[in-house]
Amino acid sequence: MIRTVTHMLLHLLVPGAAARWGFPERWQRAWGIMLATMVVDLDHLLATPIFDPRRCSIGFHPLHAWPCIAAYLLLAVFPKTRLIGMGLLIHMILDGIDCLWMGFSAVG
């Protein structure tokens with residue numbers, strides 16, 4: 001339970017910190033865009049059960065697959081899509097850390 005709560009809080013706080021540090025003049029907008037990228041978790045609706053605290057998302061859910069993560073990295077390169085890419089990459093990094101915390105390999 002503590003791992004799940006911590007994981008969810010990090011999905012809120014880490015993008016906020018990244019926005020404050022990387023985009024100080026427009027941090028609220030940047031944070032909002034990065035938070036909006038959490039819609040990537042809609043792919044959890046395709047799994048049974050929808051939420052399993054013992055399941056590693058990386059490599060399991062379609063939008064958490066390595067080719068998608070590569071596309072998110074590409075989004076982060078270009079200024080017009082940078083915030084979207086950063087939000088998605090932060091999300092994937094946090095999910096990867098959660099996989100490691102569970103003791104699973106995040107290689108899918």
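Visitor: Asp52: buried or exposed?
Guide: Asp52 counts as buried, because its relative accessibility is 19%. Buried means under 20% relative accessible area, exposed over 50%, and partly exposed in between, with a 1.4 Å probe and protein chains only as cover.

Visitor: What am I looking at, and how is it numbered?
Guide: This is a predicted model, in which local features need pLDDT of at least 70 and side-chain atom pairs count only at pLDDT 80 or more, while totals for chains, interfaces and linings use all residues. Residues are numbered from 1 along each chain as its sequence is written, and side-chain values use heavy atoms, with hydrogens and water left out.

Visitor: Back to Asp52. Where does Asp52 lie?
Guide: Asp52 is in the loop between H2 and H3. Helices here are DSSP runs of H or I with at least four residues, strands are E runs of at least two, and both are numbered from the N terminus.

Visitor: What does the side chain of Asp52 reach?
Guide: The Asp52 side chain comes to 3.0 Å from the backbone nitrogen of Arg54. Asp52 also forms a salt bridge with Arg54, whose closest N and O atoms are 3.4 Å apart. A salt bridge is a side-chain nitrogen of Lys or Arg within 4 Å of a carboxyl oxygen of Asp or Glu.

Visitor: And Arg54, buried or exposed?
Guide: Arg54 counts as exposed, because its relative accessibility is 63%. Arg54 is found in the loop between H2 and H3. Its C-alpha atom is separated by 24 Å from that of Gly87, 33 residues apart along the chain.

Visitor: How many salt bridges does a search of the whole structure find?
Guide: The search finds 2 salt bridges. One of them joins the side chains of Asp98 and Arg3, at 2.8 Å from N to O. Asp98 lies in helix H4 and Arg3 in helix H1 (residues 2-22), so this pair ties together parts that are 95 residues apart in sequence.

Visitor: Are those two partners buried or exposed?
Guide: Asp98 counts as buried because its relative accessibility is 10%. Arg3 counts as buried at 18% relative accessibility.

Visitor: New topic. Which residues make up the largest nonpolar core?
Guide: The largest nonpolar core has 11 residues in all: Val40, Cys56, Ile58, Ile69, Tyr72, Ala76, Leu88, Leu89, Met92, Cys99 and Met102. H3 and helix H4 (82-102) each supply at least two residues of this core, and H4 gives the most to this core, with 5 residues. A nonpolar core is a set of buried Ala, Val, Leu, Ile, Met, Phe, Trp, Tyr and Cys residues joined through side-chain atoms within 4.5 Å.

Visitor: What does Met92 touch?
Guide: Not counting residues up to four places away in sequence, Met92 touches Val40, Ile58, Leu63, His64, Ile69 and Tyr72. Contact means heavy atoms within 4.5 Å.

Visitor: Ala19, then. Where is the place of Ala19?
Guide: Ala19 sits in helix H1 and counts as buried, at 0% relative accessibility. Leaving aside neighbours within four places in sequence, Ala19 is in contact with Pro24, Trp27, Ala30, Trp31 and Met34. Ala19 and Leu45 are 28 Å apart in space, C-alpha to C-alpha, and 26 residues apart in sequence.

Visitor: And His61: buried or exposed?
Guide: His61 is buried, with a relative accessible area of 2%, and lies in the loop between H2 and H3. The His61 side chain makes a polar contact with the side chain of His44 at 3.3 Å. A polar contact is a pair of N or O atoms within 3.5 Å; within protein, one must be able to donate a hydrogen and the other to accept it, and residues adjacent in sequence count only if both atoms are side-chain atoms. Leaving aside neighbours within four places in sequence, His61 is in contact with Asp43, His44, Ala47 and Arg55.

Visitor: Where is the cis peptide bond?
Guide: The cis peptide bond joins Thr48 and Pro49, with omega about -5 degrees. Pro49 lies in the loop between H2 and H3.
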